[in-house]
Amino acid sequence: MNITWDAEKYTKEFSFVHQYGNGVLELIDREKAKTAIDLGCGNGALSRKLKDMGLDVIGIDSSPEQLGIARKDYPDIPFIEADATSFSVDDPVDIIFSNAVFHWIDKDRQPDMLKHVSEALTPGGQFVFEMGGYGNNRLIHRELRKAFERHGYSYRMPFYFPSIGEYSAMIESAGMLVTYAFLFDRPTELRGDDGLGSWIRMFIRTPFIVVNDADKEAAIISEAVENLRPDLYHDGRWYSDYVRLRIKAVKP
Ligand code: BEZ
């Protein structure tokens, strides 16, 4: 998905994305592993963590804006601009890690991405990641769809949130073996009085292309936010109804 990121705002206001990535890092078996790729590294914050774990890491991302921040903040880490569905590396690596990226890739492009992951791993290499899983942001997308339809537009769901069964089958078709899979709810605080509106404006972009009118876009967002208040606003705080899919697979 080609999105121009406001990478400064993303890094400042949505740092929880990489903070939650710490739990995923714990799935990595450090023994014998020396090299790693952070696939969809964004601002590089988790590439830094991989490096601090003693791994020789390369960050890969398709966003020049995000890579600009990553290169400035972590000049000792190589960052490469490439698409997750077509990347390749000169030497296979022991670990491919990814956090909060794969749901941005359309379902029909996932097999290509997984094929490139498998090809970039050494035998015994580990594929460890987290993404939005089945049911992720169900309430948010439901209210956005309703608001779009009230205004005469149709809402195209821009993300892929698979179940454990569906995604494990794809991973295994790409030549890796799933050894761990967990699908779990993780309501996540969205900071600030406009936390949910701000999250929608940052992350839900492509459905609004059909609207193409700033006032209508603002009305759709504010109606959806107000309708979500009973479910997602508690004790003065907004929450996102995140569901995470966390998986570890190995290349035999
Ligand atoms: C997620 O991490 O689940 C996510 C973030 C932004 C948009 C959609 C999903």
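Buried, in this talk, means under 20% relative accessible area, exposed means over 50%, and partly exposed is in between, with a 1.4 Å probe and protein chains only. By that cut-off F129 is buried, and so is Y167.

Before I go on, the conventions. This is a predicted model, so local features need pLDDT of at least 70, side-chain atom pairs count only at pLDDT 80 or more, and totals for chains, interfaces and linings use all residues. Residues are numbered from 1 along each chain as its sequence is written, and side-chain values use heavy atoms, with hydrogens and water left out.

I start with the aromatic rings. A pair of aromatic rings is described by the distance of the centres and the angle of the planes. Rings of Phe, Tyr and Trp (its six-membered ring) pair if their centres lie within 6.5 Å; planes under 30 degrees apart count as stacked, over 60 as edge-to-face and the rest as tilted. How many aromatic pairs does a search of the whole structure find? There are 14. One of them is F129 with Y167: the ring centres are 5.7 Å apart and the planes are at 75°, so this pair is edge-to-face. It links distant parts of the chain, with F129 in strand β5 (residues 121-132) and Y167 in helix α8 (residues 164-173), 38 residues apart. Helices (H or I, at least four residues) and strands (E, at least two) are DSSP runs, numbered from the N terminus.

Y167 also forms an aromatic pair with Y160, a tilted one, at 6.2 Å centre to centre and 55° between the planes. Y160 has 8% relative accessibility and counts as buried, while Y167 has a relative accessible area of 0%.

Elsewhere, W104, F159, F161, W199, F203 and Y242 form one aromatic cluster. Y242 has a charged neighbour too: R244 lies over its face, at 4.6 Å from the ring centre. R229 lies over the face of Y233, at 4.8 Å from the ring centre. For a charge to sit over a ring, NZ of Lys or CZ of Arg must be within 6 Å of the ring centre and within 35 degrees of the ring normal.

Next, the nonpolar cores. A nonpolar core is a set of buried Ala, Val, Leu, Ile, Met, Phe, Trp, Tyr and Cys residues joined through side-chain atoms within 4.5 Å. The largest has 27 residues, and those with the most contacts inside it are L144, L196, W199, I200, I204, F208 and I220. Which elements give two or more residues to this core? They are α7 (138-150), α9 (195-203), α10 (214-232) and β8 (237-250). The most comes from α10, with six residues.

I200 is worth a moment. Leaving aside neighbours within four places in sequence, I200 is in contact (heavy atoms within 4.5 Å) with L144, F208, I221 and V225. A second, separate core of 26 residues includes I60, V117, F127 and I171.

Back to α9. Eight of its nine residues are buried, so this helix is largely enclosed by the rest of the structure. The buried residues are G195, L196, G197, S198, W199, I200, M202 and F203.

W199 is also touched by S240, which brings me to strand β8. S240 is buried, with a relative accessible area of 0%. Not counting residues up to four places away in sequence, S240 touches N137, I140, R186, P187, T188, L190 and W199. The side chains of S240 and N137 are joined by a polar contact of 3.0 Å. A polar contact is a pair of N or O atoms within 3.5 Å; within protein, one must be able to donate a hydrogen and the other to accept it, and residues adjacent in sequence count only if both atoms are side-chain atoms.

Last, the strands around β4. Two strands pair if DSSP finds at least two bridges between them. β1 and β4 pair in the parallel sense over three bridges, and A36 stands opposite I95 in β4. Six bridges join β4 to β5, which run parallel, with V93 opposite L121 in β5. Seven of the seven residues of β4 are buried.

In β5, Q126 is buried, with a relative accessible area of 7%. The C-alpha atoms of Q126 and I96 are separated by 6.3 Å, although the residues are 30 apart along the chain.

Finally, helix α6 (residues 110-119) has Q110, M113, L114, H116, V117 and S118 buried. What covers them includes β1 (35-39), β4 (93-99), β5 and α8.
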